Structure formats: C-alpha cells, structure tokens
Amino acid sequence: MHELGIAASILERVQQESAQRNGARAIKVGVRIGELSGVDPEALSFGFEALVKDTPLEGLALEIDYRKRMQRCSKCSREYESSMLFTVCPECGSLETACIAGDELDLMFIELEDPACV
C-alpha cells in the first residue's frame, strides 16, 4: 500500500513546517489527488489516521480534493471530463487531446495554529 508512504511524506512535511514556525501546532493539511495518480483516497485517509494515532499529531485533519480526469482538444480547445484511456473530443471528434487535470498529487496547504492565539 504505497498510500502509507505518501501519508508518511505528508506528515514529514507538516512536521517540517511546524518546526520552522516555532513549533506551531498543525490543525489541517490538504492534498489534491487526481484519479490518474494511482492513489486511493480512502486508503490514504486510513493510512494517515493510523500514522497520527497516539502521536503529537493526533487530531490533525486530512482534507482531500479529488480531481477527475480532464482533457483539452488541441483543435477546438474544448475541455471535458473523460474516463477513457484514448479520448475523442465530444465537440469536433478530434483525437488530438491532452490531459490537463487528473494526474495531480499535490500538497495544497498546511493550516497551523498561531501559538500567540492559544
């Protein structure tokens, strides 16, 4: 389950950011996952929860923004959602399309609690 490794990498980055900000407590972390990334959002959530349990990061929320595959036609510029490996533009029938979304695996944000406000 490579999702466990991804969750560990996310938590490592959270810890780095917290340390750089005088130990500010992390509250939430957000990731963007595309359907072509090969990452199962449920497995990632499960692994994340297992890794933070009984640690100083317990209670840290994981927010997942799941993105469907999107294509853009190079002939007519139409953008459309696609679930097929090879896609035909629904507007003009061209096979000249490019994937523009759905392959993401990005750390979007880390929300930290300001120690001065605690």
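**Ground rules.** I number residues from 1 along each chain as its sequence is written, and I use heavy atoms for side-chain values, leaving out hydrogens and water. Because the model is predicted, local features need pLDDT of at least 70 and side-chain atom pairs count only at pLDDT 80 or more, while totals for chains, interfaces and linings use all residues.

Buried means under 20% relative accessible area, exposed over 50%, partly exposed in between (1.4 Å probe, protein chains only). The core has 16 residues, and I10, V14, V29, L44, F48 and L60 touch the most other members. At least two residues each come from α1 (2-20), β1 (25-34) and α2 (41-52); α1 gives the most, with 5. Helices (H or I, at least four residues) and strands (E, at least two) are DSSP runs, numbered from the N terminus.

**Cysteines.** I found 0 disulfides, taken as pairs of cysteine sulfur atoms within 2.5 Å. For C73, the nearest cysteine sulfur is that of C92, 3.6 Å away. C73 is buried at 1% relative accessible area. C99 is partly exposed at 34%.

**Q71.** I placed Q71 in strand β3 (residues 70-73). Q71 counts as buried, at 2% relative accessibility. Its side chain makes polar contacts with those of R69, at 3.0 Å, and T87, at 3.4 Å. A polar contact is a pair of N or O atoms within 3.5 Å; within protein, one must be able to donate a hydrogen and the other to accept it, and residues adjacent in sequence count only if both atoms are side-chain atoms.

Definitions and conventions
A nonpolar core is a set of buried Ala, Val, Leu, Ile, Met, Phe, Trp, Tyr and Cys residues joined through side-chain atoms within 4.5 Å.
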